[in-house]
Amino acid sequence: MEDFIGLLACLILFLTGLYAMVDSYLVYQHANDDSLLKFKPGYEGEVAEQPIQGNMVAWLIVDDTTIDYPVMQGETNEEYLNKDPYGNYSMSGSIFLDSRNAGDFTDDYSLIYGHHMEGDYMFGPLHYFLEQDFLDTHRTGELVVGDVIYEITFFAALEASATQELIFNPTEHPAENVLDYVKDHAQSCENETGEGTLIALSTCKYPDSVDRVLLFGYMKEKMP
């Protein structure tokens, strides 16, 4: 009997571990779903079999990183935490614009969220920007909104609590106030005056914590 109980316990532990491995694999498969690239502006290739469900408002690229994703926007900021752009449940969620921001990115300050995934998926690369050397060599990105292309110049990265309203309530405070906070608290920063409107990318620093890593940039329309 004791041998049977011991064997059963081992079997349960094995199955639990196997489930955790499969679950992690599926999470990272969702985060690295190449099928989304069929919706990238300028894509030339076969038509996507499954349409994106909901409101895709933009496409975000951070040059020389793995950040190359559609940007969704829900009615609330919880909608895309655990939902992929196809509308399916996914622990990796989606990259999404704050629900209070204008979907055409005409606000003075726009805030985009994404999960911090291992393997540099989703917004996993953001923590690299806390190092000055990395920021110095990764300053550019692109945001495609409909027919408009915005060039992004990144200038600062910092850590902040999700309770910091000045940062995380993007439509309630002047962008100048946000910019002053960023300059005062940045862990890496380029001391220059940029042109364009303010944009920030935000991700969790640790699971189940209010600590966030943010990357700030200026965005301006790309001239033909």
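Buried here means under 20% relative accessible area, exposed means over 50%, and partly exposed covers what lies in between (1.4 Å probe, protein chains only). The structure above is a predicted model, in which local features need pLDDT of at least 70 and side-chain atom pairs count only at pLDDT 80 or more, while totals for chains, interfaces and linings use all residues. Residues are numbered from 1 along each chain as its sequence is written, and side-chain values use heavy atoms, with hydrogens and water left out.

**Salt bridges**

Let us start with the charged pairs. Side chains of opposite charge can pair when their charged atoms come close. A salt bridge is counted when a side-chain nitrogen of Lys or Arg is within 4 Å of a carboxyl oxygen of Asp or Glu, and this rule gives six salt bridges.

| Glu-190 | Arg-139 | 3.9 Å |

Glu-190 and Arg-139 form a salt bridge with their closest N and O atoms 3.9 Å apart. This pair links distant parts of the chain, 51 residues apart: Glu-190 is in the loop between strand E7 (188–189) and strand E8 (197–204), and Arg-139 is in the loop between helix H2 (132–137) and strand E5 (140–145). Both Glu-190 and Arg-139 are buried.

Because Glu-142 lies in strand E5 and Lys-222 in the segment after strand E9 (211–221), the pair ties together parts 80 residues apart in sequence. Glu-142 is partly exposed at 22% relative accessible area, and Lys-222 is partly exposed at 37%.

Glu-195 is exposed, with a relative accessible area of 57%, whereas Lys-220 is partly exposed, with 38%.

**Around Asn-77**

Now to a polar residue. Asn-77 sits in the loop between strand E2 (68–72) and strand E3 (95–97), and its 17% relative accessibility is why Asn-77 counts as buried. Its side chain makes a polar contact of 3.1 Å with the side chain of Asp-98 (a pair of N or O atoms within 3.5 Å; within protein, one must be able to donate a hydrogen and the other to accept it, and residues adjacent in sequence count only if both atoms are side-chain atoms). The Asn-77 side chain also reaches the backbone nitrogen of Ser-99 at 2.8 Å. Leaving aside neighbours within four places in sequence, Asn-77 is in contact with residues including Phe-96, Arg-100 and Tyr-113, where contact means heavy atoms within 4.5 Å.

Technical notes
Helix = DSSP H or I, 4+ residues; strand = E, 2+ residues; numbered from the N terminus.
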